[in-house]
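Please open the model in your viewer and keep the sequence panel beside it. The tour below moves from single residues to the whole chain.

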Amino acid sequence: MSRTSLKRTAVTVSAIVLLLPLSACGGDAEAGSGSTVTVTVGYQSRTINTVTAGTLLRSLGSFEKQLNALHDGVRYKVDWQDYATGAPITAQMTAGKIDIGSMGDFPLLINAARGKQLNSPTRLVSVTGYNLRGGLNTVVTAPGSKLTSLKDLKGKKVSTSVGSAADGTLVRALQRAGIDPDSGIEKLNQQPSVGASALAAGSTDALSQFVAWPGLLAYQGKAKAIYDGARLNLPTFHGVTAREEFAKERPAVLEAFLKAQAEATDYLNEHPVDAAEKVAKATGLPAEVVYLYNGAHGIATFDPAIKPQLVSALKQDVSVLKSAKLTGDVDVDSFVDDQYVKKALGAKAYAERLATKPAPAASEAWPKGASKTVTFTSPSELLRYVAGHRDGLRAAYVPDTTTGTLWFADKAVWVADGGKLLPFVAPDTAQAYAAGHGGARVVSYADALERAS
């Protein structure tokens, strides 16, 4: 549902021999031989719905603890490599230089295709964060832009990262809006940070990106949303991929990683504010933005189980990549391999996770100095609280009335409908609601606060 060039994209060279013999990238080492095995993990620190397989996992030290608990006579070293997108992780995996990686659904398909093409197959072994409606991707434009909907993008310049989940959202959204995604816009293929700079400079009209870019730019007052990806009502997610050779040679190591991922997932779900603070510290992102996506009612839901809905969505994604000539056919069923995560979690626990559902949408306020947020039964109730604590809040969040996508209360588009105050991520959905409900009208955030207080 896998954030600027704030991420290092340099490729780390495999570790040089420190203790002989050294086995890099899960290479052979006899149990009890005193060998050191380096396990290389590629992750995207700023793509924050991968944190349970990257940033948060690394911060907690859970993988190293699980490796130490193997007691197989091998010394393990984890080489964490941070990238801005999934493409370089795939390149390093197919070259045999990264063992485990995390990335978004569209990059995962490219990972599968490249692995098969280069005779270095990979497997999808778990999921990190997902959104069953597609809310992890958003199209934004400049704060002062007159653009208010997808239809306004016809003939405009739009920045995205081709082959990413955000690009997939853009393609599908444009098609639904009656715009040819190839000829109807001028698409700029840019890294997220480059696209953000282009939007600020006015050299692109809009930006379609994945977490956490849209939320970050909105929080900073550098962008406003014009399309909520959840309107597609198609699941989007990030997941963990592993080299097949590595998985077969070192299944216990992969299972240790997946156990550690489950621990990080449970930590995030049980301590969402603290987890947001940890991720913020590691990435430099504002904790308020991290919480928007990873919070108790955030846009992303975290669970390592590979749910059937996500596999089905992955199969639907293949046609988008094929039309863009980024892949040929991808055998999704052979790519998905949940045997390792099932074993790591246990059959019963895995079945329970498969059956779990995302938390219901809710409004939240994050008071300054608080280790927990305050949850409200309605956006109007939240607004009354905000009105009485204007100087005491770090952030306030509300779910879109139609999609449930969480957004910052002060960045949402508000509609007054009788005694109800309803938030929307994008202006055209707010206007459509107002047009369909007699007496309802779009109001400013300040007006909404005044009406609620």
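Is His 71 buried or exposed? His 71 is exposed, with a relative accessible area of 71%, where buried means under 20% relative accessible area, exposed over 50% and partly exposed in between, for a 1.4 Å probe and protein chains only.

Before going further, note that this is a predicted model, in which local features need pLDDT of at least 70 and side-chain atom pairs count only at pLDDT 80 or more, while totals for chains, interfaces and linings use all residues. Residues are numbered from 1 along each chain as its sequence is written, and side-chain values use heavy atoms, with hydrogens and water left out.

**Backbone stops**

Stay with His 71, which is found in the loop between helix H2 (62–68) and strand S3 (75–82); helices (H or I, at least four residues) and strands (E, at least two) are DSSP runs, numbered from the N terminus. The phi of His 71 is near 50°, a positive value in a residue other than glycine. Most residues other than glycine have a negative phi, and most peptide bonds are trans.

Select Asn 233 next, in the loop between strand S10 (224–228) and strand S11 (236–243). Asn 233 also is not a glycine and has a positive phi of about 55°, but at 45% relative accessibility Asn 233 counts as partly exposed.

**A buried aspartate**

Now select Asp 428 in helix H17 (residues 427–436), which is buried, with a relative accessible area of 18%. Show its side chain together with that of Arg 231, since a polar contact of 3.0 Å joins the two; such a contact is a pair of N or O atoms within 3.5 Å, where within protein one must be able to donate a hydrogen and the other to accept it, and residues adjacent in sequence count only if both atoms are side-chain atoms. Leaving aside neighbours within four places in sequence, Asp 428 is in contact (heavy atoms within 4.5 Å) with Thr 148, Ser 149, Ile 226 and Arg 231.

**The whole chain**

Finally, zoom out to the protein chain, which has 18 helices and 19 strands. Its C-alpha atoms fill a box of roughly 75 × 50 × 40 Å, taken along the principal axes, and 60% of its 453 residues count as buried.
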